[in-house]
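Work through the exercises below with the sequence and the 3D structure open. Try each task before reading its solution.

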Amino acid sequence: MTAARDTICALASGPPPSAIAIIRISGPGVRVICNQLLVPGWTAPRKAVYGRIRDRSGEVIDEGLAVFMPGPASYTGEDTAELYLHGGAAVIEHALDAICSFEDTRLAEAGEFTRRAFENGRLDLVEAEGVADLIDAETRAQKHLALDQLDGRLSRQYEVWRSSLLNALALLEVSIDFPDEDDAPDETREPVARTLREMEASLEKALADDSVGERIRDGFHIAIVGPPNAGKSSLLNKLARREAAIVSDIPGTTRDVVEVRLKIGGQIAWVADTAGLREAADVIEAEGVRRAQQRATSADLRIQVRAADDRTDFSECGEDDLLVVNKIDLAGENAKWPDSVMVISAITGDGIRELERRIADIIRAKAGSVGAPLITRRRHRLALESALFHVKQASDLITRGGGAELVAEDVRLASRQLSGLIGEIGVEEILGAVFSSFCIGK
Ligand SMILES: Nc1nc2c(ncn2[C@@H]2O[C@H](COP(=O)(O)OP(=O)(O)OP(=O)(O)O)[C@@H](O)[C@H]2O)c(=O)[nH]1
Ligand SMILES: [Mg+2]
């Protein structure tokens with residue numbers, strides 16, 4: 001448990017006006033505050049009590065419900081209370097002022113309730129990130145991902161890896177303690193080497209996931225590419241249902257990447273319109289083409305657009321690219337394309353629904369291609385990559401007959417990465433960065 005600290009309060013519900021405002025209070029002063037503001041002795045644990053809430057001068061703030069949750073079995077691990085009041089700005093302001101009039105009591109900072117939960121051992125860092133993601137979740141897939149993280153599935157995976165490393169370390173310590181025994185090495189080395197090999201395979205598998213977890217959380221990247229005037233910007237506008245990009249009959253209209261954020265197939269997607277690919281006429285266009293190519297390379301899906309009137313050539317497309325012939329309204333009745341090609345008109349809207357459905361199917365397939373739990377953040381990926389690096393190094397060393405001290409050092413470094421991941425050893429900047437991304441009141 002942490003040392004004595006401030007009592008914090010905040011509006012935990014949405015901005016006023018709203019039907020009900022929830023005010024949350026946590027810290028050592030909760031009992032005193034609530035016994036003064038509410039009916040004395042109301043603090044029956046986990047029971048909703050209805051009554052008038054007054055400030056210290058006796059002026060009525062509002063009437064509503066209050067629930068007291070004594071620590072340590074509360075969200076933060078401290079004494080906590082929630083007040084359910086009418087959701088008007090004046091009520092909220094009066095209530096928060098009244099609460100803050102007590103000694104050592106102040107408004108909470110962003111994420112401070114969850115940070116206290118973390119510091120009191122109610123959540124680890126990965127679970128705390130799950131709380132933030134659950135609040136931010138816009139799609140059901142994001143919600144599932146966040147819930148998996150919040151209920152500890154991801155932490156358990158990280159924990160399993162860490163404990164096998166700690167076991168390996170314990171075995172290595174034995175051979176460090178008894179360095180002269182010629183027979184000891186094989187007995188300890190083989191299990192350590194096996195653990196390291198298994199760990200290496202397991203980490204490599206988890207990291208070779210096409211970043212699906214991050215994509216579900218942050219959005220899949222789709223690039224619309226093709227020659228000038230094919231109708232790429234027109235298609236983007238159609239998908240976005242607004243005039244996001246400039247359309248004109250002058251080839252080379254789009255220079256910069258124009259990106260819109262859409263919900264497709266129950267997932268978030270960033271759809272990028274790009275400059276038409278051709279021999280650039282000037283330096284600005286050349287830069288546009290370079291950016292287009294860069295975006296195309298890094299995208300999860302490329303939509304290759306060709307106009308129906310220019311000898312529609314898909315020869316340079318990738319195997320997984322989605323091939324689209326646009327301007328079908330201009331094509332002759334007898335025009336024919338292979339089944340693999342989708343045919344649309346960004347002007348009349350023909351084929352757009354089918355195209356949207358196909359994009360949705362592709363994204364859904366990508367999202368479901370890797371089993372849970374998924375890596376959801378760059379912070380996790382970097383830590384796991386670093387852990388893998390040290391595990392590999394340790395594994396190489398042990399196979400080459402390297403000294404136990406050296407192997408142990410790498411195993412220790414790898415396990416430190418996993419400890420940092422779940423927040424067991426915390427660097428203040430990491431904690432600060434994680435919790436400051438929360439909203440106030442959480
Ligand atoms: N008839 C017809 N015209 C279209 C269609 N789609 C786009 N156009 C026209 O084709 C021209 C080029 O469209 P854009 O969307 O600007 O083409 P783009 O591929 O973005 O071109 P760049 O930005 O120059 O690379 C415009 O005049 C559009 O109105 C279509 O389906 N049918
Ligand atoms: Mg364009």
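A residue is called buried under 20% relative accessible area, exposed over 50% and partly exposed in between, with a 1.4 Å probe and protein chains only. The model is predicted, so local features need pLDDT of at least 70 and side-chain atom pairs count only at pLDDT 80 or more, while totals for chains, interfaces and linings use all residues. Residues are numbered from 1 along each chain as its sequence is written, chains are lettered from A and ligands numbered from 1 in the order in which they are written, and side-chain values use heavy atoms, with hydrogens and water left out. Helices (H or I, at least four residues) and strands (E, at least two) are DSSP runs, numbered from the N terminus.

**Exercise 1. Positive phi**

Find where K327 and D210 lie, and state how accessible each one is.

Solution. Step 1: K327 sits in the loop between β11 and β12. Its phi is positive, about 65°, although K327 is not a glycine. Step 2: the relative accessibility of K327 is 22%, so K327 counts as partly exposed. Step 3: D210, also not a glycine, has a positive phi of about 55°. D210 belongs to the loop between α7 (184-207) and α8 (212-218). Step 4: with 67% relative accessibility, D210 counts as exposed.

**Exercise 2. A lysine in a loop**

Decide whether K336 is buried or exposed.

Solution. Step 1: locate K336 in the loop between β11 (322-326) and β12 (342-343). Step 2: its relative accessible area is 75%, so K336 is exposed. Step 3: A308 is 28 residues from K336 along the chain, and their C-alpha atoms are separated by 10.0 Å.

**Exercise 3. The magnesium ion**

Which protein atoms are donors of the magnesium ion (ligand 2)?

Solution. Step 1: donors are N, O and S atoms within 2.8 Å of the metal (3.2 Å for Na, K and Ca); water is not among the atoms, so sites may look incomplete. Step 2: the protein donors are OG of S233 and OG1 of T254, lying 2.0 Å from the ion. Step 3: S233 is in helix α9 (residues 232-240) and T254 in the loop between α9 and β8 (258-264), so the pair ties together parts 21 residues apart in sequence. Step 4: S233 is buried because its relative accessibility is 9%. T254, at 11%, is buried as well.

**Exercise 4. A buried arginine**

What does the side chain of R306 reach at 2.7 Å?

Solution. Step 1: find R306 in strand β10 (residues 301-307). Step 2: R306 is buried yet has no salt bridge (a side-chain nitrogen of Lys or Arg within 4 Å of a carboxyl oxygen of Asp or Glu). The nearest side chain of opposite charge, D313, is 6.2 Å away; Lys and Arg count as positive, Asp and Glu as negative, and His and the chain ends are not counted. Step 3: the side chain of R306 instead reaches the backbone oxygen of D313 at 2.7 Å.

Methods
A polar contact is a pair of N or O atoms within 3.5 Å; within protein, one must be able to donate a hydrogen and the other to accept it, and residues adjacent in sequence count only if both atoms are side-chain atoms.
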